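Please read these points with the model open. They go from one local pairing to the chain as a whole.

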Amino acid sequence: MPETTLYPLSGRRVWVAGHRGLVGSALVRRLAREDCEILTAGRDSLDLRSPDQVDLWMKNVRPEAVFVAAAKVGGIHANDTQPATFLYDNLMIEANVIEAARRYGVEKLVFLGSSCIYPRLAPQPIPASALLTGALEPTNEWYAIAKIAGLKLCQAYRRQHGCDFISLMPTNLYGPGDNFDLQQSHVVPALIAKAHQARATGAASLSVWGSGTPLREFLHVDDAADGIVFAMQHYSGEAILNLGSGEEVSIGDLARMICTITGYSGQLAFDVTKPDGTPRKVVDSSELRAMGWQPAIGLEAGLRQTYRWYLDHIGLTKGADAIRRQRAYG
Ligand code: GDP
């Protein structure tokens, strides 16, 4: 661990924008271990796409530190089919929060991007220097363009206004609190939900989108939250930082792991009418690791814990009850 903490959170008023999402809720759990005041605003009372609402909220609440975990997010299908929403909502959210943070003197802000900001065929593991060196993956370019604008806003506000705003690019995240809706979700929650249902209904096969060959790096969201808080405390600079586990797996092997965890023993049916997306996406997280952060939750343990969360919170069907009794998960 570094000896000095650049920005201690103790005693500070900290706003987690997007506190109900996968990352935001993990940040709230992680920040409970810091001696800080956690500020949140529900979607019903604050629409982050509205400049006036964000300005008023910031003026009244006056956070000292801000995590921009709010975003319109979704898996490969949602990204591909709602381009306007993914571009507009994310541009508005980040521009409103970053500008209001400047206006009301926020001391430190962490903006969260995504590993999809990098070119489709970037060198692997992807260094931060690969940004804007090539064409983006078309299935998520709307989201990526918005996130590139967000990290550029942080860099521009740092240069022009001297704001201590930093950006982190997390790899593919998963964990408790994820979206398990099959049309919107990323691959981990989708396969957990599908394998669970396939087991409950005794289905002969499980549909896996694409060829199963793409490689993805997965990071448990509690590790991500720990890295994000760590960066707020220990990093100040214009360069973007990557946040990943280094644990890479093919989609086919991921599906097999999830079948084992959920107890589903049928066949995998690869649906090649669905897109593969980028062939490989593992980020180079060596800079954050050199500062002293490292992940703690391995993929298999993290998937097991996520499935338990799913059973507790979502899979409340007859099938889930039967599986719960049989597996006696703890
Ligand atoms: P990506 O990393 O932006 O491509 O996001 P996703 O998590 O949505 O997809 C990762 C990979 O998993 C892609 O190759 C998908 O085709 C594949 N995949 C396989 N089955 C599914 C599924 O049921 N849902 C999703 N979202 N992806 C799936």
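1. Which residue is the bridge partner of Ala65 in β4? The partner is Lys108. The model is predicted, with local features requiring pLDDT of at least 70 and side-chain atom pairs counting only at pLDDT 80 or more, while totals for chains, interfaces and linings use all residues. Residues are numbered from 1 along each chain as its sequence is written, and side-chain values use heavy atoms, without hydrogens and water.

2. Strand β3 (residues 65-68) is covered on both faces. Ala65 and Phe67 on one side, and Val66 and Val68 on the other, are all buried (under 20% relative accessible area, 1.4 Å probe, protein chains only). Strands here are DSSP runs of E, at least two residues, and helices are runs of H or I, at least four, numbered from the N terminus.

3. Strand β3 pairs in the parallel sense with strand β1 (residues 13-17) over 4 bridges; pairing requires at least two DSSP bridges. In that pairing, Trp15 is opposite Val66. Strand β4 (residues 108-112) also runs parallel to β3, joined by 4 bridges.

4. The chain holds 11 helices and 12 strands. Of its 330 residues, 52% are buried. Where contacts (heavy atoms within 4.5 Å) link residues at least 6 apart in sequence, 80% of them join residues at least 24 apart.

5. The radius of gyration is 20 Å, in agreement with the value near 20 Å for a compact globule of 330 residues; it is taken over C-alpha atoms, and the rule is 2.2 Å times the number of residues to the power 0.38. Along the principal axes, the C-alpha atoms fill a box of roughly 60 × 40 × 40 Å.

Key:
Buried means under 20% relative accessible area, exposed over 50%, partly exposed in between (1.4 Å probe, protein chains only).
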